[in-house]
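Hello,

Here is the structure I promised to pass on.

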Amino acid sequence: MKNKFLLLLMLICSFASKAFAYTSDNFYSTTYAGEEIRLIGNAKDLVDFANEVNGGKVSLSAKLTADIDFTDGTCSSDDFPMIGNENNPYCGTFDGQGHRISNLMISRPDDDNVGFFSTIGNFAKIKNFIFDSTCNISGGRRVGLIGFIAKGLGDITISGVGNEAFVSFNENAGGILGFSDEWQGTVNISNCYVTSKFSDQEVTYTIISGIHQDPWVRFNISNCWTNSTKQNLPEWGGQYGYLYNDRGRANYSVNNLYSVEYSDKQKGVIATTDEEIKSGELAYKLNGSQTQGATWFQDLKAENSYPTPFGTKVVTYISDAKYATFNDNAQAYRFDSNDNVTAYVVNESKEETVNLSPVEEIQAGVPVILKSETAGYKNITAVESAAALEKTNYLSVSDGNVIGNGSIYILAKDTEGVGFFLLKNGDTLAKNKCYLDASSSGTLAKALRFTFDGGDATAIDAVTTGIEDTTTDAPIYNLQGQRVNKYAKGLLIRNGKKYLVK
């Protein structure tokens with residue numbers, strides 16, 4: 001009895017602000033900050049949730065707690081009623097939490113408003129799941145992952161969603177949205193992708209098939225991609241063709257929409273290729289050509305891989321120098337040997353060298369040097385947490401106000417190799433770039449060749465690009481790293497270059 005009491009007390013304490021309970025349909029419900037949320041773990045849970053919404057609980061929110069497979073034995077595709085309808089458009093928040101829906105066959109060839117969501121409405125938020133290539137959507141008019149947006153008002157958000165299913169239809173199909181009616185508000189579609197194949201009827205658009213002619217609706221499409229092809233463009237089609245249709249009347253904003261088949265940079269549509277998709281280049285571009293703060297992921301070792309809006313494999317780029325500095329203030333990382341990238345900290349210096357010492361993982365905000373044997377797009381692995389760094393690390397991260405003053409060194413390459421070279425006096429180092437500050441350590445070398453935990457130094461002596469000429473007023477150092485005046489004799493260093501004064 002005592003043990004049962006302690007267990008109950010622990011549960012009460014754990015869920016003081018979040019209450020869980022079984023519903024009569026035997027799937028979990030949770031209430032958080034006053035909002036009722038369904039936790040969906042299998043196909044039957046999803047069917048039960050759809051029936052609740054269609055019965056009038058249109059603002060009921062849901063989260064997927066696992067991948068949903070309609071061959072799991074709990075329900076069949078025939079049991080799935082689609083989520084929402086014209087009488088009860090879905091208006092809640094559906095969060096897939098990075099899970100997949102598979103083997104769901106939606107076959108309603110004679111019906112309109114057909115999709116995983118049949119109809120959505122006021123303030124709906126649809127996010128973070130993949131409707132994968134084992135699924136199928138077949139309908140009459142207004143067909144897509146979301147069939148229809150009903151009459152209403154308020155902003156709608158569709159983000160982090162992928163549609164890979166085959167789409168069959170008679171009229172008006174879109175990979176994300178089939179059609180929108182008289183909507184007063186903004187529909188925001190971001191970080192979504194479509195790889196669907198479409199049947200060959202007319203009025204097919206990869207992202208959005210069509211909207212009502214009323215001018216007060218606005219669509220924002222950003223940071224999406226598609227490799228779907230063979231979209232048809234009817235005579236009355238929108239000016240952007242192939243990807244989305246506005247009938248020439250809607251208010252659109254389009255940024256960083258990548259397409260294999262169609263492009264128009266002035267309209268925010270950018271060309272990509274199957275090779276860019278496979279190599280990781282597209283994932284890197286979708287992340288703003290940087291690794292920090294990644295929202296797109298891709299496992300480059302996986303067969304036929306492509307960018308998805310969630311995962312752990314972040315894509316970074318290593319140039320021909322085969323070295324790069326790296327820092328992410330918001331994310332911890334692990335560096336797996338099979339990704340062919342090694343991470344190093346600068347942990348000591350002596351004479352004319354700095355030593356690079358390998359690390360297997362880093363916490364958020366720890367700057368490192370990345371090294372690969374080959375140039376190109378590489379994976380590093382995002383993790384929830386990492387152990388604290390136990391080694392000294394002389395690397396720092398620029399806040400955007402670091403200015404060259406004779407002691408700031410940056411990673412660079414010249415004809416003789418890669419090393420740390422002086423940032424030109426007066427130049428400002430961009431925010432989040434990594435550097436070495438020679439003034440922070442009396443032992444930090446001024447001729448910055450590399451060693452690797454006691455190995456031989458790399459043969460780097462000087463750099464010619466972006467470094468001042470030795471006739472300037474830059475500080476002068478001897479080989480011991482001591483600053484000397486302009487009358488000193490012997491082998492000296494200025495701006496990373498050695499020169500002899502007799």
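Predicted model: local features only at pLDDT ≥ 70, side-chain atom pairs only at ≥ 80, totals over all residues.

Residues are numbered from 1 along each chain as its sequence is written, and side-chain values use heavy atoms, with hydrogens and water left out.

**Whole chain**

The chain has four helices and 44 strands. Both are DSSP runs, numbered from the N terminus: helices are H or I with at least four residues, strands are E with at least two. Of the 502 residues, 52% are buried. Buried means under 20% relative accessible area, exposed means over 50%, and partly exposed lies in between (1.4 Å probe, protein chains only). The accessible surface is about 22,800 Å². Carbon and sulfur atoms hold 46% of that surface. The areas come from the Shrake-Rupley method with a 1.4 Å probe; for residues, only the protein chains shown count as cover. Among contacts with a separation of 6 or more, 72% join residues 24 or more positions apart. A contact means heavy atoms within 4.5 Å.

**The sheet**

Look at the open sheet of four strands, ordered E34-E39-E36-E37. Its pairing is antiparallel. Two strands pair if DSSP finds at least two bridges between them. Strands E34 (395-397) and E37 (417-422) are the edges. Each has a single partner strand, so one side of each is left without a neighbour in the sheet. From one strand to the next, the twist averages 50°. The axes behind such angles are lines fitted to C-alpha atoms (for helices, over the stretch in contact), and angles run from 0 to 180 degrees between N-to-C directions. Strand E36 (residues 408-414) is joined to E37 by six bridges. Isoleucine 410 sits opposite phenylalanine 421 in E37.

**Salt bridges**

There are 15 salt bridges in the structure. The criterion is a side-chain nitrogen of Lys or Arg within 4 Å of a carboxyl oxygen of Asp or Glu.

- Glutamate 52 pairs with arginine 38, with the closest N and O atoms 2.8 Å apart. The pair links distant parts of the chain: glutamate 52 is in helix H2 (residues 43-54) and arginine 38 is in strand E3 (residues 35-40), 14 residues apart. Glutamate 52 is buried at 16% relative accessible area. Arginine 38 is buried too, at 4%.
- Glu36, Arg38, Glu52 and Lys57 form a network of salt bridges.
- Lysine 44 meets aspartate 48 at 2.8 Å, N to O. They are four residues apart in helix H2, so about one helical turn separates them. Lysine 44 is partly exposed at 32%, while aspartate 48 is buried at 11%.
- Glutamate 276 meets lysine 285 at 3.3 Å, N to O. Glutamate 276 is buried at 15%; lysine 285 is partly exposed at 25%.

**Two backbone points**

Most residues other than glycine have a negative phi. Phenylalanine 123 has a positive phi of about 65° although it is not a glycine. Phenylalanine 123 lies in the loop between strand E8 (117-120) and strand E9 (125-131). This residue is partly exposed at 45%. Serine 289 also has a positive phi, near 55°. Its loop runs between helix H4 (281-286) and strand E26 (313-318). Serine 289 is partly exposed at 43%.

Best wishes
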